[in-house]
Amino acid sequence: MGMPSLLSRLVLIIFVAHFAASKAAATRPGFIYTRTGGRCTPQFWSSRRESWPRMVPQRAAVSKVFGPGVFERYRSDVTLLESTTRNDDENAFAGLLKQASAALLNSYARKGFPYSAWEVKTLLLQALVSKEAAATQAKQFSAANQACD
């Protein structure tokens, strides 16, 4: 068996192995990123797939919706839409605002949501006293937002 024959067989084996591997990969499901969640999550509201309740326009400033008590923790020009699109959930106060904004929208748009609008506003203001309180309240809002549909 000569060197060219051996080389051509090696190339053929590599080609067949590559083809078989790519065919197997094509039939196997891969990782696909999707935005999971129901119709009540911050991700859903930020996607604008449904019109927002008239009581809370997308461009409304958080300080106008939740009251002047939020000035200590958030910029005065942050809008509700911005708050639902935030990705800094490791920051307790940012996570609280994100989940509270979704909860407020749900309180207006979803019958049977466990919080009324004034409860969401009050609980947000009360949770601004510490990082621990903010994180705890954010988890409670998140659980309500996830359970809602």
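Visitor: Which residues does R110 touch, not counting residues up to four places away in sequence?

Guide: In this predicted model, R110 touches R39, C40, F44, W45, E50 and C148, with residues up to four places away in sequence left out. R110 itself lies in the loop between α5 and α6.

Visitor: What makes R110 count as buried?

Guide: The relative accessibility of R110 is 7%, and buried means under 20%. The value falls under that cut-off, so R110 counts as buried.

Visitor: What makes the link between the side chains of R110 and E50 a polar contact?

Guide: The two side chains are joined at 2.8 Å, and a polar contact needs a pair of N or O atoms within 3.5 Å.

Visitor: Let's turn to the helices. How many helices and strands does the protein chain have?

Guide: There are 7 helices and 0 strands, and along the sequence they give the pattern α-α-α-α-α-α-α. Buried residues make up 37% of the 149 residues in the chain.

Visitor: Why are α6 and α7 called roughly antiparallel?

Guide: A packed pair of helices is described by the angle between the axes and the distance between them. Helix α6 covers residues 117–127 and helix α7 covers residues 131–147; their axes come within 8 Å and cross at roughly 155°. Angles over 145 degrees count as roughly antiparallel, and therefore α6 and α7 are given that description.

Visitor: Which residues meet where α6 and α7 are in contact?

Guide: From α6 come V120, L123, L124 and A127, and they meet A133, A134, Q137 and F141 of α7. By class, this contact has 7 nonpolar residues, 1 polar residue and no charged ones.

Visitor: How do you know on which side of α6 the buried residues A117, V120, L124 and A127 lie?

Guide: A117, V120, L124 and A127 are buried in α6. They cover an arc of only 105° around the axis, so they lie on the same side of α6. The buried residues of α6 pack against α3 (62–66), α5 (92–109) and α7.

Visitor: Is T84 buried or exposed, and how do you know?

Guide: T84 has a relative accessibility of 2%. Buried means under 20%, so T84 counts as buried. T84 is found in helix α4 (residues 80–85), and its side chain reaches the backbone oxygen of L81 at 2.8 Å.

Visitor: How far apart are T84 and P42, in sequence and in space?

Guide: They are 42 residues apart in sequence, while their C-alpha atoms are 4.8 Å apart in space. P42 is also one of the residues that T84 touches, and others include W45, W52 and L105.

Visitor: Why is R48 called partly exposed?

Guide: R48 has a relative accessible area of 45%. Buried means under 20% and exposed means over 50%, with partly exposed in between, so R48 is partly exposed. R48 is found in the loop between α2 (42–47) and α3, and has a positive phi of about 60° although it is not a glycine.

Visitor: What makes T41 buried?

Guide: T41 has a relative accessible area of 1%, and the cut-off for buried is under 20%, so T41 is buried. T41 lies in the loop between α1 (3–27) and α2. Beyond four places away in sequence, T41 touches A102, N145 and Q146.

Conventions: Residues are numbered from 1 along each chain as its sequence is written. This is a predicted model: local features need pLDDT of at least 70, side-chain atom pairs count only at pLDDT 80 or more; totals for chains, interfaces and linings use all residues. Side-chain values use heavy atoms; hydrogens and water are left out. Axes are lines fitted to C-alpha atoms, for helices over the stretch in contact, and angles run from 0 to 180 degrees between N-to-C directions. Helices (H or I, at least four residues) and strands (E, at least two) are DSSP runs, numbered from the N terminus. Angles under 35 degrees count as roughly parallel, over 145 as roughly antiparallel, 65 to 115 as roughly perpendicular and the rest as oblique. Contact means heavy atoms within 4.5 Å. Ala, Val, Leu, Ile, Met, Phe, Trp, Tyr, Cys and Pro count as nonpolar, Asp, Glu, Lys and Arg as charged, and the others, Gly among them, as polar. Buried means under 20% relative accessible area, exposed over 50%, partly exposed in between (1.4 Å probe, protein chains only). The arc is that of the directions from the helix axis to the C-beta atoms. A polar contact is a pair of N or O atoms within 3.5 Å; within protein, one must be able to donate a hydrogen and the other to accept it, and residues adjacent in sequence count only if both atoms are side-chain atoms.
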